[in-house]
Amino acid sequence: MSANLPLVQAEFNPGEAVGAPTRRERRGLGLLPITKVALRGLSTNLVRSLLTTLGIVIGVASVVSLTSVGAGVTADITANLESLGTNLLTISGASGGRTSGLVRTGSSQSVTLEDAEAILDLNDPRIAGIAPSVAATVALKFGAENVSASVTGTWPDFEGVRNSEPEFGTFFSDLDWRGSNRVIVLGATVASTLFGNAESAIGMDVRVDGVAFTVVGVLPVKGDGFNSLDDAALVPITTFLKRIQGPSSVGSTSLQAIYVAAADADVIDAVQVDLESLLAVRHGTLDPESYDFQIMNQADTLESLNSVTRTLTLFLGAVAGISLLVGGIGIMNIMLVSVTERTREIGLRKALGAKPRDILGQFLTESVLLSVGGGLLGIALGLGLALGVMPRFGMNAVPTSSSIVVAFAFAAVVGVFFGFYPAQRAARLDPVASLRYE
Amino acid sequence: MTAPVLSLHEVSKSYPLADGAFHALRDVRFDVHEGEMVALMGPSGSGKSTLMNVLGLLDRPSDGRYVLRGRDVAELSESERADVRNAEIGFVFQAFHLLPRFSLLENVEVPMVYAGVPGPERRARAMHLLERVGLADKATSLPSRISGGQKQRAAVARALAMEPALLLADEPTGNLDSQTGHEIMALFHDLNAEGSTLIIVTHEVDIAEQTGRQIHLLDGVVERDERGAPIVPEPVRVRLRAARSVAA
């Protein structure tokens, strides 16, 4: 028998009680809810998510820290060159053929003191100063203290040309030069090593290769760098040739370099051209291809050094970029696994009204969160390396905002790019098959 | 008679095979009116799953028309069908299909999220629906912390979220013991009494008997479409009365 139930209308009716649900036209789920859902998805497998981002973390950290080092090196070099004065031309020997690389000093010792004198004889008003330079590494001694220094013979003009006004005392004078006087100007490190206190060195005698020289000046601290004079000592070139240069090279007047200071930055190029033709005639080669000397101005030097560091930075960036790419592939891999694991969730969400683009958005958001999260961690790590660790190893790292922005943007793009394929696969899943997926 | 909630016109579904085609559904036609409780029956392979997928807009018929609340939905795009599923269909699955790491409240909210229902309203409605199925005290519980019967009731609350035209239950008691099965059936009767239209896909005769109409499928064809007075077993009636007295 069938019993018709006394089916009274119940008190409850969701429609009456709360009103019909407010449907809203929507273009997507909205950033906040979709991020929440994605974070929930990622936190389910926290360890896996963290490991997945590791590739991006390392990639971004290396981009940020390595480019910081690159920028630090560039900054050092630029500061160094600028400390030399900007109107400087450096003439040095070159073993034939044009060199496009770094400054090469004394590669073939083909520039001589006579060349420097010839330049001086020009009496060119555009030339503010000329300083030949010949150097030897010699032991300096004061009392029990002993130090090895690069002793450079030059003219008094060196002071102005190479921006080396002594901090204490004076530079040696024209008289000292003409008289081959045994006077010496010490670099800051040399002075402090020998005398403890740089100021107390003035007037004292140091033994250079056994010969007593009177200290007339001490240069200020210039810091590390390839042009630093901290570990050098300067003597009149006349004295150098007589007293310091070994007997084997007696009579030789070859130089490491001749420094020429132009009176004004505007005339550098013209002076350079004139010096080039003068030396070409003197060295008997008119073919630029076979010049045995080279003239570099500061701009050239800066440019060639910068091109090296630029290449280096680019190279570092490329290596870091590759690791970002690898990180991206890791994300894609994990997202593909995730889509497979969550096939039933995808099927269910579709049954409940998720559109393909909702599913696409959900998974794309997950991969972007992974890569962006990795990017942020990587920036923190990279800055930590650049500012905390690198200086301990004597590297000057200058983090650049552009590298941070680029690395972060690249990480985000990696997330979208490598997240798209898995997300699209999720979006295209057939709801019937996915609901049944075990 | 009022316009039917849904009507199928010569609906067919076939899958291409190497040698010809497999016809999962052939020329299926019937109407379901508002407030009806229908059992869809048939042995496995009869096409009842396929029919359920078509009715739920999870699958598209190869041929024929499917009119749901006066709108032909057979030819809609994937995205449009998602909207119709969201608004008009409430699914109840044999395996419950609750999102495992979301609370019951959040699970009930999911369809409303996709409908763009504003957050506060969404939560209020979800809470209300959980109260309706007697799970108010479990709103913040995870599905793993509750019994099968409670899971299925949460799933029913979720199915009701958008006030669908049709509740589509696929073997809703299949994973439950008989006692909790009775509970769920009592809930369905209650909802039906309130005016919900239900289609229950089942192969259990005593479930099917509780409905006023049984559609039997065999080899993809509607074999019988019977109407009769529902036979509600005593345990279900007891639970129904109990639920009513609590509500009152």
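These legends walk you through several close-up views of a predicted model.

**View 1. The open sheet of chain B.** Welcome to a sheet built from 6 strands, which follow one another in the order E6-E7-E8-E3-E9-E10. The sheet is open, and the pairing within it is mixed. Look to the edges for strand E6 (89-92) and strand E10 (221-227) of chain B: each has a single partner strand, so one side of each is left without a neighbour in the sheet. From one strand to the next, the twist averages 20°.

**View 2. Helix H1 against the sheet in chain B.** Here helix H1 (residues 48-55) of chain B packs on the sheet. Its contacts are with E3, E6, strand E7 (166-170), strand E8 (198-201) and E9 of chain B. Compare the directions of helix H1 and E3(B), and you will find an angle of about 140°.

**View 3. Strands E3 and E9 side by side in chain B.** Strand E3 (residues 37-41) and strand E9 (residues 213-218) of chain B are paired in the parallel sense, with 4 bridges between them.

**View 4. Helix H2 across two strands of chain B.** Helix H2 (residues 78-88) of chain B lies across E6 and E7 of that chain. Relative to E6(B), helix H2 runs at about 75°.

**View 5. A look at chain A.** Chain A holds 14 helices and 12 strands. Of its 438 residues, 47% are buried. Among chain A contacts between residues at least 6 apart in sequence, 78% link residues at least 24 apart. The accessible surface of chain A is about 20,600 Å², with 60% belonging to carbon and sulfur atoms.

Conventions: Residues are numbered from 1 along each chain as its sequence is written. Chains are lettered from A and ligands numbered from 1 in the order in which they are written. This is a predicted model: local features need pLDDT of at least 70, side-chain atom pairs count only at pLDDT 80 or more; totals for chains, interfaces and linings use all residues. Side-chain values use heavy atoms; hydrogens and water are left out. Two strands pair if DSSP finds at least two bridges between them. Axes are lines fitted to C-alpha atoms, for helices over the stretch in contact, and angles run from 0 to 180 degrees between N-to-C directions. Contact means heavy atoms within 4.5 Å. Buried means under 20% relative accessible area, exposed over 50%, partly exposed in between (1.4 Å probe, protein chains only). Accessible areas come from the Shrake-Rupley method with a 1.4 Å probe; for residues, only the protein chains shown count as cover.
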